[in-house]
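Here are a few friendly notes to read alongside the model. Take them one at a time, and keep the viewer open as you go.

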Amino acid sequence: MKPAYKMLDEQTGRYLPFVYPEELPFWEAARRHELVLQRCDGCGRAWYPIGPACPHCFSTKWDWSRMSGRGTLHNYVVYHKAWTPYFESRVPYAVVQVELEEGPRLTTNLLGCALADIRIGMPVVVDYEEIPGDITLVQFRPAKEQS
Ligand SMILES: [Zn+2]
């Protein structure tokens, strides 16, 4: 996988994430359907967004670490306006923030869940969505005990 800075998939009109070189391990793991984040060798904590040093103790000694993929829905918003043509057929849709059991919060989408069924605090598990540009998105869905 190469770093990619192209933002728009011209076939679908969908905007794609930037893939910065320092984020490649995250995106490559997502393609394997694994969620990895940086974990500090000093304090043991994980974090997101990706950065050069631990935001908790400022150590620059860390490694990529596989996360459990389990978390809870921390908060969400529902978009009713399509900010680009791609979203015209998708509104209203939710953007959610998931707090992983390891602590970091990811801004993502909740698959397989009607808007009316979204609840703050609901248990969620990681899932993956293949999109154009050879990119796999880290998404979430309700944990089984919820459904
Ligand atoms: Zn640390």
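Which residues is phenylalanine 140 in contact with, leaving aside its neighbours within four places in sequence?

1. Please remember throughout that this is a predicted model. To settle the opening question, phenylalanine 140 is in contact with Val98, Thr108, Leu110, Val124, Val125, Val126 and Asp127, once neighbours within four places in sequence are set aside.

2. Now step back to the whole protein chain. It contains one helix and ten strands, and reading along the sequence gives the pattern β-β-α-β-β-β-β-β-β-β-β. The radius of gyration is 16 Å, close to the 15 Å that the globule rule gives for 147 residues, so the protein chain is as compact as a globular protein of that length. Along its principal axes, the C-alpha trace spans about 45 × 35 × 25 Å.

3. Of the 147 residues, 18% count as buried. Among contacts with a separation of 6 or more, 47% are between residues 24 or more positions apart.

4. Next, look at the open sheet of three strands. Its order is β4-β3-β5, and the pairing is antiparallel. β4 (46-47) and β5 (62-66) stand at the edges with a single partner strand each, so one side of each has no neighbour in the sheet.

5. How many bridges join strand β3 to β5? There are five, and β3 (residues 36-40) runs antiparallel to β5. Within this pairing, glutamine 38 has tryptophan 64 of β5 as its bridge partner, while arginine 39 has aspartate 63. As a general point to keep in mind, side chains in a regular strand alternate between the two faces of the sheet.

6. β3 and β4 form a hairpin with five residues between them, and glycine 44 in the turn has a positive phi of about 80 degrees.

7. The bond from tyrosine 48 to proline 49 is cis, with omega near 5 degrees, and proline 49 lies in the loop between β4 and β5. Valine 91 and proline 92 are also joined by a cis peptide bond, with omega about -5 degrees. Proline 92 is in the loop between β6 (70-79) and β7.

8. Finally, where is histidine 33 found? Histidine 33 sits in the loop between α1 and β3; its phi is positive, near 60 degrees, although the residue is not glycine. With 13 other C-beta atoms within 10 Å, histidine 33 is partly exposed.

9. Phenylalanine 58 has a positive phi of about 70 degrees without being a glycine, and its place is in the loop between β4 and β5. Is phenylalanine 58 buried or exposed? It is exposed, because 10 other C-beta atoms lie within 10 Å and the cut-off for exposed is 12 or fewer.

Notes: Residues numbered from 1 in each chain as written. Helix = DSSP H or I, 4+ residues; strand = E, 2+ residues; numbered from the N terminus. Rg over C-alpha atoms; globule rule 2.2 N^0.38 Å. Buried ≥ 20, exposed ≤ 12 C-beta atoms within 10 Å, placed from the backbone. Contact = placed C-beta atoms within 7 Å. Pairing = 2+ DSSP bridges.
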